[in-house]
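Hi,

Here's the structure I promised to pass on. Have a look, and my notes on its charged pairs follow below.

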Amino acid sequence: MIVAMRALLARAANSLFTLGAALQFLLLGAWIASRLATDGSPPTQYLFWIPAPAYFFGALLLAPTGWRLARKPARRILGLITLAAPLIIAITTLTVEWRLWRSRPDADSDAYRIVHWNCSYNPGNVWTKRLIELDPDLLVINPASFQPWEEILAHYRGGGILFREGFAVLSKQRVRAFAVISLNINPGMGIDPRSPDGITSRVDRGRAVFLELEPPPGLSRPLIVWIIDLPSDLSLWRMRVARQAARAIRDFAGPIVRLDADGRPSAEPWDSTGFPTPDFVLGDMNTPRGSASLREIVGSMPHAFDAAGRGPAWTWPARFPLTHLDHIFVSARFRPVDYQILDLGGGTHRGQLADVALESPSPSP
């Protein structure tokens, strides 16, 4: 009887270890598929949205099932892979996704500084002093309400100041022209974890702005900046969203708003099709960094993090960030020298900062 019981327990243990190893292979396969395909398909999109630490701790819990399997020649490879899975995930995350072992580029005192913050609501009362200390050349805040503006407006007095469609743009260089468009994103189910019942009735079709800024010192031509605000609805496939957004930007036919030296606006026709080629693309894109869908909008422009960032660099939710939804892309004419995530004391997202080295001045005639 005892022998039979031991045999039964041994078979049960073997089954549990085999099941654990199978689950480990499923977890590892899901992680690999998510990192290779990102949001190229709806299923892999949701796998990609799972933070890397969740995959790591899941793999760590299942790893002990590999010890017993590794002792059996017929299952040794299965057992070793089960054991190594958390190590594979950790090394890849730390070196490829977080770039922890990469040193930051040398600081550049002449760098152009960009700060973007989607505070959404509840901005708190810390941000004004913090932003004045950071002294960005270009500051973009979304939305342009709720905040106490007097002190920050006084700091940028004389520079370009634009409040439009919920965006606040404060610039040391004058805003020469801008346009604001709807991205016409088809609405989804409205899944929003911020709503009490998880569903929002608000229809968000996305927005985009392009700005033409006076060239800063050392730059030979005006700056073109795109600001992108994509819907947060979790039911939307981001690849479809990005393609619709890119189409709306590509089909833009005007008019634009031109501002004179005193800031007086006038509508003008647009003698081209689409937004002008950007120097910077930034905003709350509600899409994690590394997603294939973002390339539909920014093309080959590198993320400022890729050149100058380090660590998880998560921006949402502000209190306990789990993912990187806010981005700054930089054209090849510029070299990012710093990228940081900012805790501005409130809001639903954290802010982001990028310092970029300007192009060489044009030679004198």
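Let's begin with Lys 172, which is partly exposed at a relative accessible area of 35% (buried means under 20%, exposed over 50%, partly exposed in between, with a 1.4 Å probe and protein chains only). Before going on: this is a predicted model, where local features need pLDDT of at least 70, side-chain atom pairs count only at pLDDT 80 or more, and totals for chains, interfaces and linings use all residues. Residues are numbered from 1 along each chain as its sequence is written, and side-chain values use heavy atoms, with hydrogens and water left out.

What does Lys 172 form a salt bridge with? The partner is Asp 135, with the closest N and O atoms 2.8 Å apart (a salt bridge being a side-chain nitrogen of Lys or Arg within 4 Å of a carboxyl oxygen of Asp or Glu). Lys 172 sits in the loop between β4 (167-171) and β5 (175-182) and Asp 135 in the loop between α6 (127-134) and β2 (138-142), so the pair ties together parts 37 residues apart in sequence. Helices (H or I, at least four residues) and strands (E, at least two) are DSSP runs, numbered from the N terminus. Asp 135 is partly exposed too, at 29%.

Next, Arg 258 and Glu 268 form a salt bridge, with 3.6 Å between the closest N and O atoms. Arg 258 is in strand β8 and Glu 268 in strand β9, so this pair links parts ten residues apart in sequence. Both also belong to a salt-bridge network with Arg 176 and Glu 212.

In total, the structure holds 15 salt bridges.

Cheers
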